[in-house]
Amino acid sequence: MFCPNCGTQLPDGSTSCPSCGATIGVPAQEAPVTPEPEPTTPPIPGAPPVPGATQYESSASYPVPADAVDAPAAPPMKWYKFVIWVQLFLSALSLAGTGVMLLTGAQYMTEYGNAKDLVYTFYAGLQVVDIVFAVVFIALAVFAIVVRMNLAKFKRGATNQYLAFLGGNIVAQILYLVALAIVTQVGPLETLDSSTVIQLVSSAVMIVLSKIYFDKRAYLFTN
């Protein structure tokens, strides 16, 4: 190194010049290098806090989506699947078959042939009753398919439609029995058979159970 005042060559590290007495400045020290902080990864929402984590790293200070907290468990849907894949299809087929039977008079078939003409001649107004309720039962069959499609798509109000279908089926059968009793002058209880009674009672019980079942799953039907 050299003296900045007189130019005399000096040994490295000298603080003054022996020739002119000039003070040599202390060489600047290198600034300490500050290490860069390690990158942090935001925690998973809802994860438990990590011991020693900073406020940013703590899951308690990280926003948690509303649907990630207390999400309700999916309810069992076995009865729902049975309703849309079995019950409503079979009900539609049964109602449509009953309607066709009433239109054709197949319920008056005997071993000697169809006696509908004789029956209609003997009981005035019976043919009108059969035709009217044939249309009613066929309409219920169509309604069963509509309800099935709405349930399958989780449409709003589909569960109420299903309950209305079950109730309408019961009402239609009872009214048909009453109409038969009026036209044929036979007591309503005499027109009931065991299978009809069982069907009516089971339908009434199904309405109650289905309402309880679908009320617990009403939040699913919002489309």
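Is Trp85 buried or exposed? Trp85 is exposed, because its relative accessible area of 56% is over the 50% cut-off. Keep in mind as you look around that this is a predicted model.

**The chain as a whole**

- Read along the sequence, the elements of the protein chain follow the pattern α-β-β-α-α-α-α.
- The protein chain has 223 residues, and buried residues make up 27% of them.
- Its accessible surface comes to about 15,000 Å², and carbon and sulfur atoms account for 66% of that area.
- Taking contacts between residues at least 6 apart in sequence, 55% join residues at least 24 apart.

**The nonpolar patch**

- Eight names to pick out on the surface are Phe82, Trp85, Val86, Phe89, Leu90, Leu93, Ile145 and Met149, which form a nonpolar patch.
- Two helices, α1 (78–104) and α3 (126–152), each supply at least two residues of the patch.
- Helix α1 gives the most, with six residues.

**Thr104 in helix α1**

- Thr104 is another residue of helix α1.
- Thr104 counts as partly exposed, because its relative accessibility of 39% falls between the 20% and 50% cut-offs.
- A polar atom of the Thr104 side chain lies 2.9 Å from the backbone oxygen of Val100.
- Leaving aside residues up to four places away in sequence, Thr104 touches Asn114 and Lys116.
- Thr104 and Ala134 are 30 residues apart in sequence, yet their C-alpha atoms are 9.5 Å apart in space.

**Helix α3 and what follows**

- Helix α3 has 27 residues and reaches 39 Å from its first C-alpha to its last.
- That span is close to the 39 Å expected at 1.5 Å a residue.
- Phe154 follows α3 and has a positive phi, near 55°.

- Gln173 lies in helix α4, which covers residues 158–184.
- Although glutamine is its residue type, Gln173 is buried, with a relative accessible area of 13%.
- Not counting residues up to four places away in sequence, Gln173 touches Phe137, Gln199 and Leu200.
- Leu180 has its place in helix α4 as well, and Leu180 is buried because its relative accessible area of 16% is under the 20% cut-off.
- With the same exclusion of residues up to four places away, Leu180 touches Leu126 and Gln185.
- Leu180 and Leu126 are 54 residues apart along the chain, while their C-alpha atoms are separated by 7.3 Å.
- Thr184 is also placed in helix α4, and at 17% relative accessibility Thr184 counts as buried.
- The side chain of Thr184 reaches the backbone oxygen of Leu180 at 2.5 Å.

- How many salt bridges does the count come to? The count comes to one salt bridge.
- Asp215 forms a salt bridge with Lys211, and the closest N and O atoms are 3.3 Å apart.
- Asp215 and Lys211 are separated by about one helical turn, because they are four residues apart in helix α5 (residues 194–215).
- Both partners are partly exposed: Asp215 has a relative accessible area of 48%, and Lys211 has one of 41%.

Key:
Residues numbered from 1 in each chain as written. Predicted model: local features only at pLDDT ≥ 70, side-chain atom pairs only at ≥ 80, totals over all residues. Heavy atoms only, no water. Patch = residues over 30% accessible without salt bridge, like charges linked within 9 Å, V, L, I, M, F, W, Y side chains within 5 Å. Areas by Shrake-Rupley, 256 points an atom, 1.4 Å probe, with all protein chains shown as cover. Salt bridge = Lys/Arg side-chain N within 4 Å of Asp/Glu carboxyl O. Buried < 20%, exposed > 50% of the residue type's maximum accessible area, 1.4 Å probe, protein only. Expected span 1.5 Å × (residues − 1). Contact = heavy atoms within 4.5 Å. Polar contact = N/O pair within 3.5 Å; in protein donor to acceptor, adjacent residues only side chain to side chain.
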